[in-house]
Amino acid sequence: MSKLLDRSPLSPTADLKRAGLKVTLPRLKILEILETAEQHHLSAEDVYKALLAEDTEIGLATVYRVLTQFEAAGLVTRHRFDGGQALFELDTGDSHDHIICIKSGVVAEFKDEKLEERLREIADELGYELRDHSIVLYGVHREIES
Ligand SMILES: [Zn+2]
């Protein structure tokens, strides 16, 4: 069975320290957004808008810079699905794959043991030891199509 993943929020301050980053207000706020957002694959602009919505004025350029620092520190992963804008998500160390609704743009996650087993077999048959993989499915969510 494939199942969609769910995550519980962590402590932004502790996470910054663990990543070796100095705790600053922009970093704290941006990490908080990433950890609490319902949709946790966010563009820099999504983060910027979420900050504005809670009356935090952090410029888009700063948001970009902080997200890039987070990526370098291993706190977030950057995706570029189908050549679209870069989306950032917290790197929680779990491997998962993505499914994207081509109408709404909503990104969901899933994990499937059978699929991962099969990928290991394929790599093995080709003479590789599998280290990582990236699978993105594109579809239209049933609720949107109707
Ligand atoms: Zn994801």
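Mentor: What follows is a walk around helix α2 and the elements it meets.

The model is predicted, so read every value as computed from predicted coordinates.

Start with the helix itself. α2 runs over residues 25-36 and has twelve residues. From first C-alpha to last it reaches 16 Å. That is close to the 16 Å expected at 1.5 Å a residue.

Now its two sides. Arg27, Ile30, Leu31, Ile33 and Leu34 are buried in α2. They sit on the same side of the helix, because they cover an arc of only 155° around its axis. Leu25 and Thr36 lie on the other side of α2, and they are exposed.

What does the buried side meet? Its partners are α1 (12-18), α3 (44-53), α4 (60-72), β2 (76-79) and β3 (87-90).

Take α4 next. The axes of α2 and α4 come within 10 Å and cross at roughly 80°. That makes α2 roughly perpendicular to α4. On the α2 side, Pro26, Arg27 and Ile30 make the contact. On the α4 side, the residues are Thr62, Val63, Val66 and Leu67.

Val63, Val66, Leu67 and Phe70 are buried in α4. Seen down the helix axis they fall within an arc of 100°, so they line one face. The face turned away from this buried side carries Ala61 and Ala72, both exposed. The buried residues of α4 pack against α2, α3, β2 and β3. After α4 comes Gly74, with a positive phi near 80°.

Val63 deserves a stop. Setting aside residues up to four places away in sequence, Val63 touches Ile30, Ala44, Val47, Tyr48 and Ile58. Ile30 belongs to the buried set of α2, and it also takes part in the contact with α4.

The largest nonpolar core has 18 residues. Those with the most contacts inside it are Ile30, Leu34, Val47, Val63, Leu67, Val76 and Phe88. The elements that give two or more residues to this core are α2, α3, α4 and β3. In soluble globular proteins, nonpolar side chains tend to be buried together.

Finally, two sites elsewhere, for contrast. His98 is found in strand β4, residues 97-101. His98 is partly exposed, with 18 other C-beta atoms within 10 Å; a buried residue would need 20 or more. Leaving aside neighbours within four places in sequence, His98 is in contact with Phe81, Val107, Glu109 and Val136. Its C-alpha is separated by 23 Å from that of Tyr48, 50 residues apart along the chain. Tyr48 is one of the residues touched by Val63.

Gly105 lies in the loop between β4 and β5 (107-111). Gly105 is partly exposed too, with 13 other C-beta atoms within 10 Å. Gly105 and Leu25 are 80 residues apart in sequence. Their C-alpha atoms are 30 Å apart in space. Leu25, recall, is exposed on α2.

Key
Residues numbered from 1 in each chain as written. Predicted model: local features only at pLDDT ≥ 70, side-chain atom pairs only at ≥ 80, totals over all residues. Helix = DSSP H or I, 4+ residues; strand = E, 2+ residues; numbered from the N terminus. Expected span 1.5 Å × (residues − 1). Buried ≥ 20, exposed ≤ 12 C-beta atoms within 10 Å, placed from the backbone. Arc of directions from axis to C-beta. Contact = placed C-beta atoms within 7 Å. Core = buried A, V, L, I, M, F, W, Y, C linked by C-beta atoms within 7 Å. Axes fitted to C-alpha atoms, helices over the stretch in contact; angles between N-to-C directions. Parallel < 35°, antiparallel > 145°, perpendicular 65-115°, else oblique.
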